[in-house]
Amino acid sequence: MESLSHIFAAGTPLRREALRDVNFRVETGERVGIAGHTGSGKSTLVQLLAGLLKPTAGQVLLDGVPAHGHNTTARDRRRRMGMGFQYPEDQIFEGTVFREVAFGPRNAGLKGKELQARVTWALGMVGLDADTVMERVPYTLSGGETRRVALASTIALQPEVLILDEPTAGLDPRGRDELLTQIGDWHTRTDLTLIVVSHDLTVLARTVDRVIVLRGGRVSASGPVRHVLSGTATLRESGLDPLPSVLLLEQVRAGGASVRIDRFLPEEAAAEIARALEAGTRSHVTRRESA
Amino acid sequence: MAPFIETRGLYHVFRLEDGRQIAAVRAVDLTIGRGEFVALIGPNGSGKSTLARHFNALLLPTSGSVWVDGLSTADPANLWRIRRRVGMVFQNPENQIVASTVEEDVAFGPENRALPPAEIRQRVDDALALVGLRDQRTTPPQMLSGGQKQLLAVAGALAARPDCIVFDEPTSMLDPRGRHQVMDTIRRLNSEAGLTVVLITQAMEEATAARRILAMDRGRIVLQGDPRAVFAQEERLADLGLELPPMADIARRLRQHGVPVSPGILSLTELTRALEAELRAGVTPC
């Protein structure tokens, strides 16, 4: 992506610059997070990546080809990308869960046992039991189950690049953890390129290696996930809630213990604090002995 | 606290197209007091939304009964009186907006009831003041942020002057700023305006704002109590696929590392205080 800018409704009173001068590169197999609050330009960026919008200036290149192009190469590139939209339940249109999830793979030429297996796999990825839900009518599912079905239909295409916009909104905690783990495993097994868009930093902490933070259409922070998610001031300025564990580590450090702020997964934070307390006690014992 | 919503032996059964039946709510006996703040938690598909839709007669019992302010939902004559007493706010604010300015959107309900203009004006002004959208009253809803759109939906519900609002995952599509705006408003409506609140949520830190938490699993209420009591049942919650609020989760992990922080810690302040005490105990000469 090169010097990307996007202006909505240019030349009208509603003119709104959604993105300005955004540059980044995502390599094959990379896991990148895009964070920002509503209006930061996240969704515009995602639509540009998927070739759904044409940039006002600059360009989005997918494997060297402009994303919004009309030629067959551009179409082929877009076909290798899978998009999970923010309101996935709006994209459901088939009469049964099976037909919904099978729609994409069937169009791609899969049939019979192969198709069946792909649908079962995709439903498994989102934590649904294929036998129980396959013949259900989508509107009889609960809100969270509907989300999962919509996600499964994106995943069923087995794209090379998977873009997920707020993938865990509305999922229960177990569903969220399972989905993130499954996608992580999929990434490990293949060279899936993963782009996760979210304002929930706990989701990014568990899924990506690098984070780009958008604020008012510009990049406000970018770098390795541990570095970016430890920068609480910038995150707050960008309208994001820093991770609870990072806030706790900051407090513990302010209280005089020597801890690393970037141990941001809950299990890491607990281990880090326990270690620092232990070290504090030890140094106290040493001091007493030497006194 | 006087009971406001009561369910006795409530079942709700959905019939699927293939003839199979699913009991989404099973044998629920529940009393929610007037002015209470109740959080409803549970996995996707556990019956939370189905149960909550009985609280304003959007759904009627397959068997058992539901009373709202003493009115049975099964009696069609009570329908509108019940709907006026219990409002609903859903997950996606976009689906709840009907007009082209904020105040017209809020006026939609009162206008449909053909209330006198002065009364409508008063209700709209009061509702917008309660959610903090007075300055945006002439703004087109599409210019509002996600959080403000959800507050607009809350104002629309408030214009009916309800005694209770059921919030069905009102923050799950909002960014952090929007979440804070909506949660602060819900808390204020309960504590200052005395509104009875039922909050369905997947965010455990939001559930800690309630006076009582009800956890559902496969149609039944399987766990209930005040937030500290519920979140102290760590294993039970894990079995249900639910998590602890972030600080309670870190506190649990600290205990596993042998750091003696007490169960029942829910907030950053509480955990920081407990750890400072630990730190002092470690370094103060004795």
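Contact is taken here as heavy atoms within 4.5 Å. By that criterion, and not counting residues up to four places away in sequence, B:Ser72 touches B:Val66, B:Trp67, B:Asn78 and B:Ile82. The model is predicted: local features need pLDDT of at least 70, side-chain atom pairs count only at pLDDT 80 or more, and totals for chains, interfaces and linings use all residues. Residues are numbered from 1 along each chain as its sequence is written, chains are lettered from A and ligands numbered from 1 in the order in which they are written, and side-chain values use heavy atoms, with hydrogens and water left out.

B:Ser72 lies in strand β5 (residues 71-72) of chain B. Helices (H or I, at least four residues) and strands (E, at least two) are DSSP runs, numbered from the N terminus. A polar atom of the B:Ser72 side chain lies 3.1 Å from the backbone nitrogen of B:Ala74.

Chain B contains 11 helices and 10 strands. Its radius of gyration is 21 Å, close to the 19 Å that the globule rule gives for 286 residues, so chain B is as compact as a globular protein of that length. The radius is taken over C-alpha atoms, and the rule is 2.2 Å times the number of residues to the power 0.38. The C-alpha trace of chain B spans about 75 × 50 × 40 Å along its principal axes. Of the 286 residues in chain B, 51% are buried. Buried means under 20% relative accessible area, exposed over 50%, and partly exposed in between (1.4 Å probe, protein chains only). Among chain B contacts between residues at least 6 apart in sequence, 63% join residues at least 24 apart. The accessible surface of chain B is about 12,400 Å², with 49% belonging to carbon and sulfur atoms. Areas come from the Shrake-Rupley method with a 1.4 Å probe; for residues, only the protein chains shown count as cover.

Chain A has 12 helices and 11 strands. Of its 291 residues, 53% count as buried. Residues 24 or more positions apart account for 58% of the chain A contacts with a separation of 6 or more. The accessible surface of chain A comes to about 13,100 Å², and carbon and sulfur atoms hold 49% of this area.

Helix α3 of chain A has several buried residues, including A:Val97, A:Phe98, A:Glu100 and A:Val101. A:Ala102, A:Gly104 and A:Pro105 in this helix are also buried. The buried residues of α3(A) pack against α4, α5 (130-133) and α6 (143-155) of chain A. Just after α3(A), A:Gly109 takes a positive phi of about 105°.

Over all chains, the structure holds two aromatic pairs. Rings of Phe, Tyr and Trp (its six-membered ring) pair if their centres lie within 6.5 Å; planes under 30 degrees apart count as stacked, over 60 as edge-to-face and the rest as tilted. The ring centres of A:Phe93 and A:Phe103 are 4.9 Å apart and the planes stand at 90°, so this pair is edge-to-face. The pair links distant parts of the chain, 10 residues apart: A:Phe93 is in the loop between β7 (81-84) and α3 (97-107) of chain A, and A:Phe103 is in helix α3. A:Phe93 is exposed, at 52% relative accessible area. A:Phe103 is partly exposed, at 35%.

A:Trp121 and A:Trp186 form an edge-to-face pair, 5.3 Å centre to centre with 85° between the planes. They sit 65 residues apart, A:Trp121 in helix α4 (residues 112-125) and A:Trp186 in helix α7 (residues 173-189) of chain A. A:Trp121 is partly exposed at 24% relative accessibility, whereas A:Trp186 is buried at 5%.

Charged groups also sit over rings. The criterion is NZ of Lys or CZ of Arg within 6 Å of the ring centre and within 35 degrees of the ring normal. The charged end of A:Arg226 sits over the ring of A:Phe264, 4.7 Å from its centre. In chain B, the charged end of B:Arg83 sits over the ring of B:Trp80, 5.4 Å from the centre.

B:Asp249 is placed in helix α10 (residues 246-256) of chain B. At 12% relative accessibility, B:Asp249 counts as buried. Its side chain makes a polar contact of 3.0 Å with the side chain of B:Arg252. A polar contact is a pair of N or O atoms within 3.5 Å; within protein, one must be able to donate a hydrogen and the other to accept it, and residues adjacent in sequence count only if both atoms are side-chain atoms. Leaving aside neighbours within four places in sequence, B:Asp249 is in contact with A:Pro266 and B:Leu244.
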